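Reader: I'd like a close look at one strand here and what surrounds it, then a bit of the wider chain for context. Could you walk me through that?

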Amino acid sequence: MFTINGVPLDNTAYGWLFRKGSQPFITLEAQVGQVTVVGQRGITQYQTGVTAGLWPCIIYTPDAHRETLNALFGAPKLLLSPMAKPDRVAEVQFMASEVDRIFPRGEFVDMRYTLALLDAAWRDRDEVTTAFASLAAAASVTVRDLLPGGSAPVQDAVIRVRGNASGLQVTDPATGAWFAFSEPIPAGSYLRFEAKTGRAWLTTTDTWTGGTEVSGSIDTSDPYGGFEITPTFAGQNAHQRSASLVVSTGTRGTTTAVQVRARRAYIA
């Protein structure tokens, strides 16, 4: 079963029942563009993104508690969470409500609520910060076992690189998405890149906030227009999924290292 903003939808206190007909799974829909090239037969298709379908939710409620149920779904911000995995949440948008069925004497009704999953995935409630991984060994270092267990791309990770280093490029090998920083990162300084906005800052202290914005020196390339970290299967075991990053530097020092802060994403 599920909760909305921490309130169980299967709730004996209010007489609510999570009904058959609800669709408690994430279904995805690819956004596909088409290009016609002069002199070429047919069309070229390319995927521009992924959206989640609408999530129907049917709740049986005594009419005396229907207003309470409507108020719950009408809150300004809605966080949906499966009770079996309370560490996961999905931010949802209320789209519509209707009375699906009225029972004899009008004392009980089935309410149907339509929700849109904004992130097209379940997310961890809390961020996880990795330890610094050294980049001193080689011009190209693969940092493995990031976001273990995740099954969907993460597009809002924060990546920090500790100087000194120059010619920095960070690549997600699963999709080829990358970002690059054209300036050197001095020793004792930290470059912080926020994938959600594509912005970056340089700080002289070990912090995840503030600093001098250097977004103008950032370049990105990604199939969906930003930068993302994508988990993949480890060999043939579908239960062992993790992501990796390839970090390349033109020059580096003994303190050069990379660190990631993110919430894992799941398709379920």
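Author: Let's start with a pair of residues that face each other: Tyr190 stands opposite Thr203 in β19. Keep in mind that this is a predicted model. Tyr190 belongs to strand β18, which covers residues 190–194, and Thr203 sits in strand β19, residues 199–203. These two strands, β18 and β19, run antiparallel to each other and are joined by five bridges.

Now for the turn that links them. The hairpin of β18 and β19 has four residues between the strands, and in it Gly198 takes a positive phi near 75 degrees.

β18 has another partner to look at. Strand β14, residues 158–162, also pairs with β18 in the antiparallel sense, again over five bridges.

The peptide bond from Gly163 to Asn164 is cis, with omega near 10 degrees. Asn164 lies in the loop between β14 and β15, the latter being residues 165–166.

While we're on backbone angles, two residues other than glycine have a positive phi worth a glance. One is Ala120, with phi near 60 degrees. Ala120 sits in the loop between β9 (108–117) and β10 (122–124), and with a relative accessible area of 12% it counts as buried. The other is Asp145, where phi is also near 60 degrees. Asp145 is placed in strand β13, residues 140–146, and it is exposed, at 60% relative accessible area.

Next, hop over to strand β6, residues 54–62, which is where you'll find Cys57. Cys57 is buried, with a relative accessible area of 0%. Setting aside neighbours within four places in sequence, the contacts of Cys57 are Leu9, Phe18, Ser22, Phe73, Met111, Arg112 and Tyr113. Asp100 is 43 residues from Cys57 in sequence, and their C-alpha atoms are 11 Å apart.

Not counting residues up to four places away in sequence, Pro62 touches Tyr14, Gly15, Trp16, Glu107 and Phe108. And here's a way back to where we began: Pro62 and Tyr190 are 128 residues apart in sequence, and 57 Å apart in space from C-alpha to C-alpha.

Zooming out, the chain has one helix and 26 strands. Its radius of gyration is 23 Å, well over the 18 Å the globule rule gives for 268 residues, so the chain is more spread out than a compact globule. Along its principal axes, the C-alpha trace spans about 75 × 55 × 40 Å. As for burial, 39% of the 268 residues count as buried.

Contacts tell you something about sequence range as well: among those between residues at least 6 apart in sequence, 68% join residues at least 24 apart. The accessible surface is about 13,900 Å², with 51% of it belonging to carbon and sulfur atoms. Lastly, the charges: there are 23 positive and 24 negative ones, and their mean positions are 4 Å apart.

Key: Residues numbered from 1 in each chain as written. Predicted model: local features only at pLDDT ≥ 70, side-chain atom pairs only at ≥ 80, totals over all residues. Heavy atoms only, no water. Buried < 20%, exposed > 50% of the residue type's maximum accessible area, 1.4 Å probe, protein only. Pairing = 2+ DSSP bridges. Rg over C-alpha atoms; globule rule 2.2 N^0.38 Å. Contact = heavy atoms within 4.5 Å. Areas by Shrake-Rupley, 256 points an atom, 1.4 Å probe, with all protein chains shown as cover. Lys, Arg positive; Asp, Glu negative; His and termini not counted. Charge placed at Lys NZ, Arg CZ, Asp CG, Glu CD.
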